[in-house]
Amino acid sequence: MGDTPDANPLVSVVMPIYQAERHLAEAIESMLAQGFDDFELLAMDDGSTDGSLEILGALADRDDRIRVLEREHEGLVPVLNAGIAAARGKFIARMDADDVSHPERLERQLAWLQDHPECVAVGTGVDEVDPERRPISTLTTFTAHEEIDARLLAGDGGALIHGSALYRTEALRTIGGYRQALEGGEDVDLHLRLAERGRLANLPDRLYEYRKKLDSLTSVRRHQMRVNQDAAIQDALARRGWDPESAPPRPPELPPVPADVTWAIWSNHAIEAGHLGTARLYAWKAFRASPGRHWKLPIRATLGIRPYIWSRIRG
């Protein structure tokens, strides 16, 4: 069953939860199935009004490693900071309420941090899946600190996937946790500040599944996230005494993406990764939503033709 509630586990898993009933049980079950079991799971409910609390209650009754902390709805950053404050473990693992961790995730990450005392955080390789866990693609994994730090300074939050990370609790508390003022860029900011206290790493092993969703961000929200990411980068450059102009150029800010374009992107990524079943599914969804824009996509997905090869055929 794991540790008794009054024991001090080695790892505290912090899972923020808000209106997460659709995938919550699967996410928690993936953590309970870890080969390493000296952990507590802090289920931080942020005022959910769906069935999340009922699911949490049933799972907590079954496994005393789960601690359910109910809160008024405040948003992600306050919830994460409350999780850091409540954690009893020497290490803190992040886990999102709609993703999946593979059984060996915690064991491998913990071994890495124990073998590399200079390292303050380690993520893992990540597979992108659709809402039903059909495979879409594999994200590029940067394993070296210098690569990760450079990508963070370019605004790439995927340089170390937030939900896949295992941190040293002392390091998180020393830097003061997450900064509310930079919500939307809080992961980039946190990792840049951690990079100034120790080294960051990613395991190349794909031990985490990130569940993709349709874009629901408004233009205003998307712009604010971009502003806060930029502020995090500029703050990091100032702390390090670097020229503000030394930051790598950022790609242009993109508007919200319509569903048909998202499905087309997923289809193209799945073609590249060889997941042709997923590719065909989303090619036809994109085509049905906008035939004029996506008429070529079902052909390519059916034949498994990558975009650059298609362009050569057409050329």
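Which residues does leucine 297 touch, not counting residues up to four places away in sequence?

## Leucine 297 and its surroundings

Leucine 297 touches Ala264, Ser267, Asn268, Ile271, Ala283 and Ala286, once residues up to four places away in sequence are not counted; contact here means heavy atoms within 4.5 Å. This leucine has its place in helix H12, residues 297-303, where helices (H or I, at least four residues) and strands (E, at least two) are DSSP runs, numbered from the N terminus. Leucine 297 is buried, at a relative accessible area of 6%; buried stands for under 20% relative accessible area, exposed for over 50%, and partly exposed for what lies in between, with a 1.4 Å probe and protein chains only. The C-alpha atoms of leucine 297 and alanine 279 are separated by 9.0 Å, although the two residues are 18 residues apart along the chain.

## Basis of the description

This is a predicted model, in which local features need pLDDT of at least 70 and side-chain atom pairs count only at pLDDT 80 or more, while totals for chains, interfaces and linings use all residues. Residues are numbered from 1 along each chain as its sequence is written, and side-chain values use heavy atoms, with hydrogens and water left out.

## Aromatic pairs

The structure holds 2 aromatic pairs; rings of Phe, Tyr and Trp (its six-membered ring) pair if their centres lie within 6.5 Å, and planes under 30 degrees apart count as stacked, over 60 as edge-to-face and the rest as tilted. The rings of tryptophan 266 and tyrosine 282 have centres 5.0 Å apart and planes at 80 degrees, so this pair is edge-to-face. Because tryptophan 266 lies in helix H9 (residues 259-273) and tyrosine 282 in helix H10 (residues 276-289), the pair ties together parts that are 16 residues apart in sequence. Tryptophan 266 is buried, with a relative accessible area of 4%, and tyrosine 282 is buried with a relative accessible area of 4%.

Tryptophan 284 and phenylalanine 287 also form an edge-to-face aromatic pair, with 5.5 Å from centre to centre and 90 degrees between the planes. Both of these residues lie in helix H10, 3 residues apart, about one turn of the helix. In an α-helix there are 3.6 residues a turn, so residues three or four places apart point the same way. Tryptophan 284 is partly exposed, with a relative accessible area of 38%, and phenylalanine 287 counts as partly exposed at 24%.

## Charges over rings

A charge is said to sit over a ring if NZ of Lys or CZ of Arg is within 6 Å of the ring centre and within 35 degrees of the ring normal. The charged end of lysine 285 sits over the ring of tryptophan 263, 4.5 Å from its centre, and the charged end of arginine 240 sits over the ring of tryptophan 242, 5.2 Å from its centre.

## Helices packed against H8

The axes of helix H7 (residues 186-195) and helix H8 (residues 219-240) come within 9 Å and cross at roughly 15 degrees; axes are lines fitted to C-alpha atoms, for helices over the stretch in contact, and angles run from 0 to 180 degrees between N-to-C directions. That angle makes H7 roughly parallel to H8, since angles under 35 degrees count as roughly parallel, over 145 as roughly antiparallel, 65 to 115 as roughly perpendicular and the rest as oblique. The contact is made by Asp189, Leu192, Arg193 and Ala195 of H7 together with Ala232, Ile233, Ala236, Arg239 and Arg240 of H8. In H7, 10 of the 10 residues are buried, so this helix is largely enclosed by the rest of the structure.

Helix H5 (residues 145-153) packs with H8 at an angle of about 125 degrees, with the axes 9 Å apart, and that makes H5 oblique to H8. Here Asp149, Leu152 and Leu153 in H5 meet Ile233, Ala236, Leu237 and Arg240 in H8.

## Leucine 110

Leucine 110 lies in helix H4, residues 105-115, and is buried, with a relative accessible area of 4%. Leaving aside neighbours within four places in sequence, leucine 110 is in contact with Leu10, Val11, Phe36, Phe91 and Leu166.
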